[in-house]
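Good morning. I will go through one structure today, piece by piece, and you can follow along on the screen.

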Amino acid sequence: MKQIKAYIAVSLDGFIATPDHELDWIPESVKNLIGKNCESADTLLMGANTYTYIFEHWGGWPYKSKRTFVVSSRDTNVTPDCGVEFLTDNQLHSVREMKSDTDMLVVGGGKLLTSLIKVRLLDSLTVYAIPVMLGKGVPFIGETFGSEWELLESNVLDGGITRSTYQFLKSI
Ligand SMILES: NC(=O)c1ccc[n+]([C@@H]2O[C@H](COP(=O)([O-])OP(=O)(O)OC[C@H]3O[C@@H](n4cnc5c(N)ncnc54)[C@H](OP(=O)(O)O)[C@@H]3O)[C@@H](O)[C@H]2O)c1
């Protein structure tokens, strides 16, 4: 079985974006590191809100050379010619089937990560903890189930940012 990994920047108080979906609190160095991870992945996976954010804010589609799957209840694909496909039926079942063939990198966001964890599809999670509190915003992980994760690697980057990679171990 292949792996599904996620790389995400999280504020100290557990948000991944401001209420109006801004990411300007994430240092460019972290955006670049996450961007490099995306470039090296075979297949990208994201929720519909992350897809919309990227398309609307990044001036076009940045991952043209990749196969990208967007999980959603409806097909609002505006970049079908850029390797983007929407999964709109039996979404998580489709993700599980694809996982038998390909590694996937989850770009975001919190809702998709939560649903992947709920069905035990997420294998590893790399968290860039940014030393800023947003006060409110888009939450990181919602309600799932009790689980233990093993710390594989952790280091401190410039600006007091910690990068920690956890691997799913078991439910508790
Ligand atoms: N800090 C970071 O590193 C980082 C990284 C990525 C994104 N972000 C930010 O995170 C925000 C988006 O996160 P989010 O949590 O709001 O949304 P999200 O996870 O990107 O997308 C949520 C949407 O995806 C679809 N979806 C997710 N799981 C599903 C499932 N199991 N079955 C069917 N559909 C599913 C639904 O779309 P439908 O409503 O269409 O059904 C749902 O409303 C954006 O502001 C983005 O900029 C931050």
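**A loop, a sheet and a ligand shell**

Let me start in the loop between strand E7 (124–130) and strand E8 (138–139), where Gly 135 is found. Keep in mind that this is a predicted model. Is Gly 135 buried or exposed? Gly 135 has 10 C-beta neighbours inside 10 Å, so it counts as exposed. Now look for Leu 12. Along the sequence, 123 residues separate Gly 135 from Leu 12, yet in space the two are 9.5 Å apart, C-alpha to C-alpha.

Next, the sheet. Strands of a sheet pair through backbone hydrogen bonds, and they can do so parallel or antiparallel. Here 8 strands form an open sheet with mixed pairing, and the order is E5-E4-E3-E6-E1-E7-E10-E9. Which strands stand at the edges? They are strand E5 (84–87) and strand E9 (147–157); each has a single partner strand, so one side of each has no neighbour in the sheet. From one strand to the next, the twist averages 25 degrees.

E9 pairs with strand E10 (residues 161–171) in the antiparallel sense, over 10 bridges. To find one of these pairs on the screen, take Ser 154, whose bridge partner in E10 is Ser 164.

Of its 8 residues, 6 are buried, so E1 is largely enclosed by the rest of the structure. E1 runs parallel to E7, and 7 bridges join the two. Tyr 7, for example, has Thr 126 in E7 as its bridge partner. E1 also pairs with E6 in the parallel sense, over 3 bridges. There, Lys 5 has Leu 105 in E6 as its bridge partner.

How many of its 5 residues are buried? The count is 4, which leaves E3 mostly covered. E3 pairs with E6 in the parallel sense over 4 bridges, and Thr 43 stands opposite Met 104 in E6. E3 also runs parallel to E4, with 5 bridges joining them. In that pair, Leu 45 has Phe 69 in E4 as its bridge partner.

The helices come next. E3, H2 and E4 together make a right-handed β-α-β unit. H2 lies across E3, strand E4 (67–71) and E6, and it runs at about 105 degrees to E3. H3 packs on the sheet as well, touching E1, E3, E4, E5 and E6. The direction of H3 makes about 125 degrees with that of E5.

Last, the ligand. Which of the 26 residues around the ligand come nearest? They are Gly 47, Asn 49, Ser 73, Gly 108 and Gly 109. By class, the shell has 13 nonpolar, 11 polar and 2 charged residues.

How values were computed:
Residues are numbered from 1 along each chain as its sequence is written. This is a predicted model: local features need pLDDT of at least 70, side-chain atom pairs count only at pLDDT 80 or more; totals for chains, interfaces and linings use all residues. A residue is near a molecule or strand if its C-beta atom, placed from the backbone, lies within 6 Å of it. Ala, Val, Leu, Ile, Met, Phe, Trp, Tyr, Cys and Pro count as nonpolar, Asp, Glu, Lys and Arg as charged, and the others, Gly among them, as polar. Two strands pair if DSSP finds at least two bridges between them. Axes are lines fitted to C-alpha atoms, for helices over the stretch in contact, and angles run from 0 to 180 degrees between N-to-C directions. Two residues are in contact if their C-beta atoms, placed from the backbone, lie within 7 Å. A residue is buried if 20 or more other C-beta atoms lie within 10 Å of its own, exposed if 12 or fewer, and partly exposed in between; C-beta atoms are placed from the backbone. A crossover is right-handed if, with the strands pointing away from the viewer, the path from the first strand over the helix to the second runs clockwise.
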